[in-house]
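Keep the viewer open as you read.

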Amino acid sequence: MNVRIEEVANAAQVSTATVSRALNNLPGVGQQTREHVLKVALELGYSPSHSASALASGTSHSIGIVLPDVSRWFFATAVQSIEMALHERHYDALMYTLPYDEGKPRPTFNPTVLRSKVDAVAVLSVYFSEQEVELLKSLNLPVAFLSVRQPGFSHVGIDDEAAMRSACENLIAHGHRIIGHLSGMTNDTCPNAPTERRRRAWKAMLGRHGLECSDSLDSPARVMTAQHGYEAAKILLNRRPDVTAIVASSDEMAMGAIQCLRERSLTPGVDVAVIGIDGNNLSEAFGLTTVAQPVYEQSMALLTILLAALAGDTAHRELIFPTHLIARNSTARQHVDIAHALQGG
């Protein structure tokens, strides 16, 4: 049976307020009384509730993590990295998901979910509207964003445009001239989203080389998962069977594209090249060429910013991490234009 604070107070013959101050090492309690209360609490097996301790000390020793979901590799890797680091520092993590459900608008951020429960907030790849930004600011807590650039807040991420340029350069160097794109959710109100930045870079890179970059080559998916990548690839290939290469805005979508190609008896890297962005730990098993990003390092940088803010360093920071291309079989063989070859070119 749980021992209540009133029982400790009665046994120690002090008030519950004195017990609370003594157990939380707060001022206003003499050393002899503090030691007496601690001894009684230990004898009774009293364990203070987390919420009561937070209320008494003014700190929760918890960090809120706001994210779309925990099922995708990027988010799962980031959350695991942050949680492990928090536990080493005797902090807890409180997760708050704002999912992009199929056919439904994303839920509006509700600050009461986090109010008085966390000391800082890490936002993973969620773009906030102006109204939500005001709700976020009403918490009066340190906030930092991972992946999505939110004006007015610290940001950690990669150069999404550079990552997409690297992917396109690889395909163009292999001789591909009709390059389809599996993009993330189209959201014109979110120009700073990674998916939108990658889409713009794909268009710009192909245009720079005089290649077609029409909307017919861009197949968007609402959620960047393997299943949605598979469906987006089907739409793209049905609409443009002339594509010789596909660049996907995430490795998971690229994996879905590989499955779609195989169902059509097409060999990835031979008939149609496929490349993704992320460095998903399953990409090697799929033989997928990928532009890898350092998710663990980004997560640690985000956490460092928040912990520094809790220690008084509240300066806004922008940290951009490099990416690197890992070549595998999905882009292995150079595409040769058959008509050009028959002409002896």
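Two strands pair if DSSP finds at least two bridges between them. Strands (E, at least two residues) and helices (H or I, at least four) are DSSP runs, numbered from the N terminus. With that in hand, isoleucine 275 stands opposite threonine 289 in β10.

A word on the model itself. It is a predicted one, so local features need pLDDT of at least 70 and side-chain atom pairs count only at pLDDT 80 or more, while totals for chains, interfaces and linings use all residues. Residues are numbered from 1 along each chain as its sequence is written, and side-chain values use heavy atoms, with hydrogens and water left out. pLDDT is the predictor's confidence in each residue, from 0 to 100. The protein averages 88 on that scale, and 89% of the residues score at least 70. Over residues 334–345, pLDDT stays under 50. For that stretch the model has eight contacts beyond four places in sequence, where contact means heavy atoms within 4.5 Å.

Back to the sheet that holds β10. This open sheet has six strands in the order β7-β6-β8-β9-β10-β12, and its pairing is mixed. Its edges are β7 (218–220) and β12 (324–326); each has a single partner strand, so one side of each is left without a neighbour in the sheet. On average, neighbouring strands here are turned by 20 degrees against each other, direction ignored. For such angles, axes are lines fitted to C-alpha atoms, for helices over the stretch in contact, and angles run from 0 to 180 degrees between N-to-C directions. Inside the sheet, strand β9 (residues 273–278) runs parallel to β10 (residues 289–292), and four bridges join them. Helix α7 (residues 160–173) packs on this sheet, touching β6 (179–183), β8 (245–248), β9, β10 and β12. The direction of α7 makes about 165 degrees with that of β9.

Which helix does α7 cross at roughly 40 degrees? That is α8 (residues 194–208), and the two axes come within 8 Å. The pair is therefore oblique; angles under 35 degrees count as roughly parallel, over 145 as roughly antiparallel, 65 to 115 as roughly perpendicular and the rest as oblique. α7 passes α8 in a right-handed crossing. A crossing is right-handed if the near helix is turned clockwise from the far one by less than a right angle, and left-handed if anticlockwise. Among the residues that meet are Asp160, Glu161 and Arg165 in α7 and Arg197, Trp202 and Met205 in α8. The residues of this contact divide into seven nonpolar, no polar and eight charged. Here Ala, Val, Leu, Ile, Met, Phe, Trp, Tyr, Cys and Pro count as nonpolar, Asp, Glu, Lys and Arg as charged, and the others, Gly among them, as polar.

Next come α9 (residues 226–239) and α10 (residues 251–263), which pack at an angle of about 50 degrees with their axes 7 Å apart. That makes α9 oblique to α10. The contact includes Gly229, Tyr230 and Leu237 of α9 together with Met253, Gly256 and Cys260 of α10. Its residues divide into eight nonpolar, three polar and three charged.

Now turn to another open sheet of six strands, with the order β2-β1-β3-β4-β5-β11 and parallel pairing. At its edges, β2 (92–97) and β11 (318–321) each pair on one side only. Strands β1 (residues 62–67) and β3 (residues 120–124) pair in the parallel sense over four bridges. The bridge partner of glycine 64 in β3 is valine 121.

Finally, look at α5 (residues 73–88) and α11 (residues 295–310). Their axes lie 9 Å apart, and the helices pack at an angle of about 50 degrees, which makes α5 oblique to α11. This crossing is right-handed. The contact includes Trp73, Phe74 and Ile82 of α5 and Tyr296, Met300 and Leu303 of α11. How many nonpolar, polar and charged residues make up the contact of α5 with α11? There are eleven nonpolar, three polar and no charged.
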